[in-house]
Amino acid sequence: MLCSAGIPASTPSSASSTPSSPSPTSSLSRPEKRRKTAALFPNYSPGKVTTMRNPQPSDSILTVLPVDLLVQILDRLPDTGDRKSCRLVSRGFLRAEALRRRALRVLRREALPSLLRRYSFALESLDLSPCPALDDAALAAAVHTSGGLRTLKTLCLARATGIGWRGLEALLAACPRLEAVDLSYCVGVGDREAAALAAAGGLREVRLDKCLGITDVGLAKLAVGCPVIETLGIKWCMEISDLGIDLLSKKCRDLKVLDLSYLKVTNFCLQSISCLGKLEDLTMVGCSQISDEGLRFLKNGSNSLRSIDVSRCSNVSTLGLVSVIEGHKCLQKINAGDCFPELVPPFLTMLGDIRHTLKVLKIDGFHVSASSFWIIGMDCKHLEEIGLAKCKGVTDQCISELVTHCPGLRTVDLTCCHLVTDNALIAIADHCKRLECLLSESCSLISEKGLDRIGTCCSDLKEVDLTDCHINDTALKCLSRCSELTMLKLGLCPNISDKGLFHIGSNCRKLLELDLYRCTGATDGGLAAIAAGCKNLKKLNMCYCTQITDEGLKHLSCLKELLDLEMRGLVHITSAGIAAIAFGCRSLVELDVKRCYSVDDASLWALAQYSKNLRQINISYCPVTDMGLCKLLGTLRCLQDAKLVHLMRVSIEGYELALRASWDRLKKLKLLGGLRHFLSPGLLQMLKARGCRIRWVDKPLVLGV
């Protein structure tokens with residue numbers, strides 16, 4: 001039995017044939033042996049079993065180095081994994097890390113108290129947005145045990161739906177130097193929470209996007225309590241009106257950045273905003289009640305506008321933008337996408353007044369002509385970004401007229417410009433040598449000819465979107481010369497195969513995001529090439545790449561930095577492939593395995609065991625059962641978003657148990673509409689009280705037994 005365990009067994013004959021040599025201490029008495037042993041091994045104690053697993057020599061160099069020197073050593077380690085390794089093997093490095101740590105992102109509520117105690121000394125930025133189940137009591141207790149966060153300046157609580165005014169009061173009382181707070185998408189935040197924020201009088205940046213409970217009253221309290229606010233985001237705060245904006249404009253005279261997108265404000269609020277002398281950036285996306293009359297207030301105001309965004313403001317025309325330009329000769333960015341149908345001469349003429357400052361012009365959805373682009377090119381020679389998505393009339397001649405006079409362009413958006421061909425790409429490549437971003441989705445007339453010139457001339461290219469362009473492997477070979485690529489979208493390009501992916505994997509080693517949606521020619525070999533070359537890949541979409549199997553997933557399991565993996569409709573993958581991903585890709589945050597018909601309970605158990613950071617998952621149409629679902633939702637402490645549609649083998653009791661096991665963490669759910677009549681009202685009420693938004697899908701309900 002010993003032999004089978006790998007331990008050699010001695011036989012009687014061998015033992016007797018070799019005489020035992022006398023021990024150096026065999027003639028010593030027992031006390032003398034102990035004294036001699038103690039002299040040789042100072043750390044030895046009789047009766048105590050010692051191991052060599054974690055030896056800690058007393059003369060280790062780490063014990064004599066001062067903390068400030070250890071801090072400098074950590075500063076010279078760029079890789080977070082290396083710094084973590086140092087913390088694990090040395091208490092000195094652990095103390096040094098506590099002194100140098102400036103930013104902290106917490107993934108689990110139970111770890112918050114100990115982390116705040118350890119890093120409160122120099123912490124300046126705290127992100128609690130990924131931390132599910134965080135509520136007032138847990139937050140207040142953690143802050144209390146930390147002894148105060150006196151150096152904290154930036155706090156992110158985005159989507160922390162369990163936080164209310166009590167937790168905010170406790171936190172803000174412990175953070176006297178707080179300057180920035182983000183409560184975006186905390187749908188339960190209202191006026192009382194805004195009043196709690198007002199106690200932090202030194203706030204300079206506040207994000208309250210989609211805090212649906214905030215009204216003019218809450219905004220007024222915030223404005224009075226925090227008069228030095230410079231940046232304010234209240235996008236989708238539908239209860240805020242002109243009255244609140246008027247008071248804000250009177251109290252917060254230092255405002256520089258203001259986002260009012262989708263608010264039901266009128267032209268009256270712009271009259272108030274026009275008095276903000278330091279305002280530089282005004283965003284009003286989708287403000288349907290704003291018109292040219294309101295923009296004329298800005299013309300005569302005292303603002304210092306550098307950027308204005310009136311995209312999707314249906315009542316704004318070119319005349320309104322002309323008014324803004326007349327009053328602000330230093331505008332650097334104009335976004336007027338989907339506002340009015342065409343560019344008219346007065347607007348084009350006024351662009352000449354800001355020719356020295358304008359860097360970004362977005363006119364998505366306009367009807368344009370070659371003459372328009374000639375004027376833009378002649379008057380706006382310092383342009384760095386042009387947005388032409390879904391513009392009608394964009395031709396090769398238009399692009400040529402533009403880029404000939406704007407060689408400094410870094411971003412060109414040609415999304416859905418269906419008339420553009422290789423000639424446009426050649427013109428861009430010949431003139432815009434510093435191009436960094438090229439978006440050409442649905443430009444079906446471009447081919448390897450144009451991309452060959454792009455690959456040759458634009459070595460700084462970082463982002464490329466070729467979705468639905470029907471390019472081939474030769475085009476990818478040309479594009480692979482751009483070694484700085486970080487984002488590449490190739491969805492709906494069925495002519496791409498492993499050969500093209502090999503070129504990308506071999507040369508584009510800085511790639512962070514790759515989209516292969518419905519690239520049906522890609523196989524496991526292509527994934528092997530990508531995994532071998534693009535070690536820092538963070539996002540991968542290979543939905544409906546139907547030739548991918550478990551072998552391909554095993555290749556991907558070496559991607560330690562992978563955060564987002566979409567593999568919807570991969571019918572050949574099984575629990576073996578999922579287990580490889582779960583074990584290898586420990587950083588995974590989002591996973592989509594919808595319609596992967598062989599992903600079963602074994603897959604969910606593997607994810608539950610290894611994918612501890614998973615926050616979003618889609619297992620719709622997968623053949624999982626009650627046991628697998630309960631294991632997944634009950635184990636993953638970071639899970640916040642789950643899509644659970646058409647789980648035909650899960651019973652009502654299974655749904656009930658799984659949701660009760662995770663009700664305090666979930667923020668978004670997608671379920672079949674019929675389930676609302678079977679799930680207990682108490683459970684649904686608990687989910688709602690925690691701010692969980694449930695999307696009910698109107699499809700027939702089929703349940704397991």
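Phe 583 is partly exposed, because its relative accessible area is 49% and the partly exposed class lies between buried, under 20% relative accessible area, and exposed, over 50% (1.4 Å probe, protein chains only). The model in which this residue stands is predicted: local features need pLDDT of at least 70, side-chain atom pairs count only at pLDDT 80 or more, and totals for chains, interfaces and linings use all residues. Residues are numbered from 1 along each chain as its sequence is written, and side-chain values use heavy atoms, with hydrogens and water left out.

The chain as a whole gives the setting. It contains 28 helices and 24 strands, where helices (H or I, at least four residues) and strands (E, at least two) are DSSP runs numbered from the N terminus. Its C-alpha atoms fill a box of roughly 110 × 60 × 60 Å, taken along the principal axes. Of the 705 residues in the chain, 50% are buried.

The aromatic rings come next. A pair of aromatic rings is described by the distance of the centres and the angle of the planes. Rings of Phe, Tyr and Trp (its six-membered ring) pair if their centres lie within 6.5 Å; planes under 30 degrees apart count as stacked, over 60 as edge-to-face and the rest as tilted. By this rule the count comes to 4 aromatic pairs. In one of them, the rings of Phe 340 and Phe 366 have centres 4.6 Å apart and planes at 70 degrees, so this pair is edge-to-face. The pair links distant parts of the chain, 26 residues apart: Phe 340 belongs to the loop between strand S10 (333–335) and helix H15 (345–350), and Phe 366 to the loop between strand S11 (360–362) and helix H16 (370–379). Phe 340 is buried, with a relative accessible area of 8%, and Phe 366 is buried as well, at 0%.

Phe 583 takes part in another pair, with Tyr 610: the ring centres are 5.1 Å apart and the planes stand at 90 degrees, so this pair is also edge-to-face. Here too distant parts of the chain are linked, since Phe 583 lies in helix H24 (residues 575–584) and Tyr 610 in helix H25 (residues 601–610), 27 residues apart. Tyr 610 is partly exposed, with a relative accessible area of 25%.

Rings also meet charged groups. A charge sits over a ring if NZ of Lys or CZ of Arg is within 6 Å of the ring centre and within 35 degrees of the ring normal. The charged end of Lys 210 sits over the ring of Trp 236, 5.7 Å from its centre. Arg 595 lies over the face of Tyr 621, at 3.8 Å from the ring centre.

The cysteines may be considered next. A disulfide is a pair of cysteine sulfur atoms within 2.5 Å, and by this rule the count comes to 0 disulfides. For Cys 237, the closest cysteine sulfur is that of Cys 211, 5.5 Å away, which is too far for a bond. Cys 237 is buried, with a relative accessible area of 0%. For Cys 630, the closest cysteine sulfur belongs to Cys 622 at 16 Å, again too far for a bond. Cys 630 counts as partly exposed, at 24% relative accessibility.

Ile 273, in helix H12 (residues 267–273), is buried, with a relative accessible area of 0%. Its C-alpha atom is 10.0 Å from that of Leu 247, 26 residues apart along the chain. His 431, in helix H18 (residues 422–431), is partly exposed, with a relative accessible area of 31%. The C-alpha atoms of His 431 and His 328, 103 residues apart along the chain, are separated by 30 Å.

The backbone also deserves attention. Most residues other than glycine have a negative phi, and most peptide bonds are trans. Arg 159, however, has a positive phi near 65 degrees. Arg 159 is found in the loop between strand S3 (154–156) and helix H8 (165–173) and is partly exposed, with a relative accessible area of 43%. Lys 390 likewise has a positive phi, of about 65 degrees, although it is not a glycine. Lys 390 is placed in the loop between strand S12 (385–387) and helix H17 (396–405) and counts as exposed, at 56% relative accessibility.
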